[in-house]
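Please look at the structure first.

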Amino acid sequence: MSSLALILPLLIPLATAGVGILAWRSRRLQRAIGLIGSVVLVIASVWLFVLVREEGIQSLQIANWQAPFGITLVGDLLSVALVLATAVMGVCVIVYSFGSVDRARESFFYYPLMHVLLMGINGAFLTGDLFNLYVWFEVMLISSFVLLALGGERAQLEGALKYVTLNLASSVIFLTGIGVVYGVAGTLNFADLALKLSAFEEQGIVTTLSMILFITFGVKAAIFPLFFWLPASYHTPPAAVSAIFAGMLTKVGVYALIRVFTLIFNQDISYTHTLILVVAGFTMVTGVLGAAAQHEFRRILSFHIISQIGYMIMGLGLMVSGNPAAVRLAIAGAFFYIIHNIVAKSNLFLISGVANKLRGSYELSRLGGLYASNPALSLLFLISAFALAGVPPLSGFFGKLMLVRAGLEAEAYVIVAVALGVGLLTLFSMTKIWAEAFWKPAPDESDDESAGESPGKAAVRQPGMALMMAPIIFLAVLAVALGVFFEPVYNFSIDMADQILDPRAYIEAVLPPEYIEQVRGGVK
Amino acid sequence: MCAANSPGIPLSDLAMDGAVGLIFSVFLLVALSALAPTVQRFVRGWTGLLLALGPASLFAWFATQIPAVARGETLEAALRWAPSIDIALTMRLDGLALLFALLICGIGALIVAYAGAYLHGHHQIGRFYCFLILFMASMLGLVLADNLIAIFVFWELTSISSYLLIGFDHRRTAARKAALQALLVTGAGGLALLAGLVLMGIASGSWELSEILASGDVLREHALYTPILILVLAGAFTKSAQFPFHFWLPNAMEAPTPVSAYLHSSTMVKAGVYILARMHPTLGGTDSWIWALSIFGAVTMVLGAWLALQNNQLKRVLAYSTVSSLGAMVMLLGIGTPLAAKAAIAFILAHALYKGALFMVAGTIDHETGEKNTEKLGGLVRLMPATAAVSIIAAVSMAGLPPLFGFVGKEVLLEATLESPTFSTWLVAASVAMAALTVAAAILVAVKPFIGAHLETPKKAHDPPLAMQAGPAILALFTIALGLAPQFLAGPIVGAGASSVLGEQTEVKLALWHGLTPALGFSALAVLLGVGLYFGRAGVRGVGAALGPIDAVGPARGYDAAMASLNLIASAQTRILQSGYLRNYLIILIISTAGLVGFTLFARHGVPEIRVQTIPNFYEVGLAILVVVGALIVVVSRSRLGAIAALGLVGYSVGLIYVLYGAPDLAMTQFAIETLTVILFVLVFYHLPAFATYSGKRERLRDMLVALIGGAMMTVLVLLAVEIQVDEPVSDYFIRNSAPKAYGHNIVNVILVDFRVLDTLGEILVLAVAAIGVHTLLRLRPDRRARR
């Protein structure tokens, strides 16, 4: 049964996309298929999640070729939690798309592309093989590229070009890295790599190899100074597409960094993880300053994605501390921050789409008056924005608290100061959007107090608005719930961290015991 | 009554406990806040009075706790939140908490009622109630919380609700700016406080303040003491508008008056003072504590009082005078003697009563006359007699004259400074200066508008509706009652509060008449000076104007400069990093990769030894030369066709290498791809504009360098990979098992369709999606979409 649970998150989107393409003549049919597929994906992901939570790490040897010779899918707590998050975001974005994406895009395979994207993301989270990860990266890249360019508007094409060029360049680096890793280690299986590289006497070489992967996953995660593809493109497609990109794509890069820098490259932590910590600081600062310089709703949000990636890899970098309690909390904090950020950041993008629909622009100078006309939307924005800025008792606060406490316990004072300062600047950016798009009177509005009331209220009744608002409400509730019911989420994060920080369980779940014996004996 | 619950007991157990009221009180207010807009929709004009019943009943409940708390008992309750990471809603009601709870709920009830009348008919009044009561809940939570994290949670919520309230009049730019300023200043301090609280938890090993308190000198002797102190002070000083962070408070007067009266005089700004009082038993008493609090407090006290007199806007005068009073409280907590603790508590109480009343009166004047400038107000006593009476009573208390409670507060303040073991002379002088300036400000803001010749105002003034009069009047009555019977009415609560500040049970004596003490003499001196200052205020303002240039380097300008430079740095940085040019991005990517990998190799491994193991054959050398020449032609060619042909040469040469190393099927594939690529390129080129060179010599040189660095890194890596082998590669397994287990003799094919079938599936998908992409790019264009 477990093998089915592991493969379903790939098969369901694949089947959905395939059937969706066949139904290309009917938009209505495509919508129905898209929605059903995403709901079924959630059910399957919940099943996988529960299975792994209750029975430990699950693995599946594809085509029954025993690891390390075939490709292995592995579900540990980190993977399956992210798969579940992906599925939930999938439903949210698809429902939102019903109300917001234009007919032409829908007719041109919008929903099938979305499902291929979901499949690529799930594949990246579940695979236990370096080259297979590359393949899923390519699936993600091509489907996200087509989604970015879909519609062919000028700004879209410009953004898509930068997006695809830079990501292809990083793919080349990744492929080279895979080649070199394979050349040295003779294997691509994560568990096997962990086993063999940790016992390898020339650790300097291993560390060098890790740097190639650091760069290539760093590009995906949009860390400093490799993030430019992200702000160049994320503000161009429809809001629904921006939202799923913002929520999930960079997280795949962060996931890959966490995976390889806990499982495989954990020999030279004082070097590699110090580097990660420094990069984390720069990523936070440059991202948040980038946002401060923007005056467009989605550009601000895009730069904040970068800034918050910094927090996530700060958790990874804190492994440099010798204090096990701090390290555990740091990894758990990084994980919690990922989940929180998926919820809060995607929701802000979804809200930006509503603002655009109501006011016809993403430019802050042309927005305004939403506070007077749309109190519900205002409240939802405030919840998401304050969650993002780490205001208690919303989700972001707890992510910040875990990382700050871990950092202080690890005596990493500089990075904690940076993280707190960046938190303040995040609040600054969020209030900028709030003050401009919500508080400020709309630019075309007369000074008459009541004038702001009517146009917005009429706009709320626009077709599709309910479909757009439903996922926004759901995600805002989630941002509150993650804070109010923090205890179980925290405990899960800690269990996840314990699992991640002890790679033995992962290795034993993937490789047969005799093989592990043999490698351990053979190398010594 | 003294129910000691350990944090983390489930709610069901808690329900049996009398102290559950502590948690219930906060949640009641949260619920009230959430319901307020709906209530407003149905009840309309009576909403304010109806909602005021909530805090009023809480006030009554807290008042019933006075006797027990005065005896030294504490109520405790806890609600599970996240016990695994030491977060709990632990609530503890001691003297200090009780005093603040009474102020928050009591004044809160009056303010809610007042606001109902003040903002009568405002179309967003529902939201106003919501934010105001949310603030009330946060503030109550803050003073009741015992858990370090819970303290911070409520602390931040007060900042956030304050932001929404200051910006309530959101259509005005000034209101939005002031809201942001208050949020950023207090938010920055809040983050410092968070770091300080977490360090306290780490250093002491406990996350409950009461437990930390019980552990004695652990923190004061800890290596982290100084950082903790600085961080906590940063939080407290920003929140309580201490110099040099005092500038945000007068700007926050953009808020509607009920907000100023509540948040910015009697409650939120006292949160910083509260946290200092709360921390006094654990962090106080050291030299750095005494120095920092006495000096910053005294400076703020005098500066605030001075600036108050420099202004003539009603609310700004009151705001600066609030800054001054907050400074006095901080100074007293710095002195830290039992007398000073008593003085601090008495002064907090006295100040809340008269300042809350005066703010409401100021709002009434503004509301009824349309005039905010004290110099343009006069003779209102005939038009608004009731308001005038209340105002003058409050002013007398503010000026510190008997028989009002303000007098009692000021007397103990002077006594405390007189008996201070440190800086006594300076502190007395500062206190007298403050008292004198405060007298002048009290006359200016609360007496002058009502007496003298009547001055015309934009609106015809009359006494406001009862709901607006009740608030200040009740506060004024309290001021009188507490002044006349201080020991009986205020003694228990002040004593309990002082006990909390000192960390041990103390008795206090409060009296209206202390005898002919030095303090009384200084009081009299201050009153005389104050009256003089009032009449000579033109001169005082002249001196202030002469000192104007100092303001140019003052902290308010510092804030503006910081905001401006933030914008500058942000846009400069973004211009450099996010230049918009793809070529720059690629250069950064390649250089980062080569630099990081190269550096790591040398730093962690050393200079790689690369031995050429086999001497290459002549045809291998020939092929290598072909590849290099082909690549060079691609780069220098001035014709697209030439470049593509040369690229084909590179590809075919690589294919030949495959042939040489025994991979004919790979070579076949390579040849096919190369041929197709060349054909496709040629087809596409037909549609492109003519070839042009855009880059100059320097750019090309730069690009060449980047390319060489990238290529060199790749070469070194590949040579290393060939050199070093950890273990037998998995491909050996494929070779051995391809035929016996997978029934295929072509190993490459078996790998593709069996060993690594999932990769192949993924790549097929990539191609399919690419095809869809091409289709959509060709068919779905904005210009065509219009026609669909």
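The contact (heavy atoms within 4.5 Å) takes 126 residues from chain A and 102 residues from chain B. This is a predicted model, in which local features need pLDDT of at least 70, side-chain atom pairs count only at pLDDT 80 or more, and totals for chains, interfaces and linings use all residues. Residues are numbered from 1 along each chain as its sequence is written, chains are lettered from A and ligands numbered from 1 in the order written, and side-chain values use heavy atoms, leaving out hydrogens and water.

**Interface**

| Item, chain A with chain B | Value |
|---|---|
| Buried area | about 10100 Å² |
| Salt bridges | three |
| Residue pairs in polar contact (both at pLDDT 80 or more) | 18 |

Buried area is the accessible area (1.4 Å probe) that two parts lose on being put together, summed over both. Of this area, 75% lies on carbon and sulfur atoms. A:Trp65, A:Phe69 and A:Trp439 supply 9% of what chain A buries against chain B, more than any other three residues.

A salt bridge pairs a side-chain nitrogen of Lys or Arg with a carboxyl oxygen of Asp or Glu within 4 Å. B:Arg756 and A:Asp129 form one through their side chains (2.4 Å, N to O). A polar contact is a pair of N or O atoms within 3.5 Å; within protein, one must be able to donate a hydrogen and the other to accept it, and residues adjacent in sequence count only if both atoms are side-chain atoms.

**Partly exposed residue**

B:Ile657 counts as partly exposed because its relative accessibility is 31%, between buried (under 20%) and exposed (over 50%; 1.4 Å probe, protein chains only).
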